[in-house]
Each structure stands twice: as C-alpha cells, then as structure tokens.
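Subject: Structure handover and notes

Hello,

Please find the structure below. My notes on it follow.

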Amino acid sequence: MIDTVVQRPNYVPERQRAYQASHSPIYYRPPRSRLYLGTYFTLFGLGMCGTVYGMYQLTMGKPVRQ
C-alpha cells in the first residue's frame with residue numbers, strides 16, 4: 001500500500017540539470033513565473049499609483065468655498 005508512495009523514481013537530478021542549464025534569471029526559470037511576476041508587478045504598480053494619488057489629494061486639500 002505504501003510502496004506506491006515510497007518506491008518512486010527520483011526526478012530531482014534531471015530537473016536540477018534543467019534549472020542549472022538555463023541562462024535566464026532564477027526568478028524566470030520555473031513554469032508560469034512570467035505570469036506570476038507580471039501579475040505581481042501590475043498589482044504593485046496599481047497600488048503605488050493609488051498611494052501617490054491619495055498622497056497628492058491629501059497634500060492639495062479641498063478648495064475653499066465662499
């Protein structure tokens with residue numbers, strides 16, 4: 001019953017060779033990493049734009065009504 005979990009081929013050396021043979025940066029080597037990084041940087045950029053906009057609004061204040 002537990003043999004199917006324990007007696008499995010070891011794929012670590014061949015995957016390690018594939019990672020080390022690549023000349024791209026380490027954060028681009030895993031699968032779907034461009035998708036994850038693109039999503040992260042997009043959300044980060046939107047958050048930073050929202051923060052800067054909020055700081056601008058707080059700095060400029062509301063116009064004085066007469």
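Which residues does Ser 33 touch, not counting residues up to four places away in sequence? They are Tyr 27 and Tyr 28, where contact means heavy atoms within 4.5 Å.

Before the rest, the conventions. This is a predicted model, in which local features need pLDDT of at least 70 and side-chain atom pairs count only at pLDDT 80 or more, while totals for chains, interfaces and linings use all residues. Residues are numbered from 1 along each chain as its sequence is written, and side-chain values use heavy atoms, with hydrogens and water left out.

Ser 33 is found in helix 3 (33-60); helices are DSSP runs of H or I with at least four residues, numbered from the N terminus. Ser 33 counts as buried because its relative accessible area is 7% (buried is under 20%, exposed over 50%, partly exposed in between; 1.4 Å probe, protein chains only). A polar atom of the Ser 33 side chain lies 3.2 Å from the backbone oxygen of Tyr 28. Tyr 28 sits in the loop between helix 2 (12-21) and helix 3, and is partly exposed at 30% relative accessibility.

Arg 32 is in that loop between helix 2 and helix 3 as well. Its phi is near 65 degrees, a positive value in a residue other than glycine. Most residues other than glycine have a negative phi. Arg 32 is exposed, since its relative accessible area is 55%.

Aromatic residues

The structure holds three aromatic pairs (rings of Phe, Tyr and Trp, the last by its six-membered ring, with centres within 6.5 Å; planes under 30 degrees apart are stacked, over 60 edge-to-face, the rest tilted). One of them is Tyr 40 with Phe 44, stacked at 6.1 Å centre to centre and 20 degrees between the planes. Tyr 40 and Phe 44 are separated by about one helical turn, because they are four residues apart in helix 3. Both are partly exposed: Tyr 40 has a relative accessible area of 48%, and Phe 44 has 47%. Tyr 40, Phe 41 and Phe 44 form one aromatic cluster.

Thr 39

Thr 39 also lies in helix 3 and is partly exposed at 41% relative accessibility. Thr 39 and Ala 18 are 21 residues apart along the chain, and their C-alpha atoms are separated by 25 Å.

Regards

How values were computed: Helices (H or I, at least four residues) and strands (E, at least two) are DSSP runs, numbered from the N terminus. A polar contact is a pair of N or O atoms within 3.5 Å; within protein, one must be able to donate a hydrogen and the other to accept it, and residues adjacent in sequence count only if both atoms are side-chain atoms.
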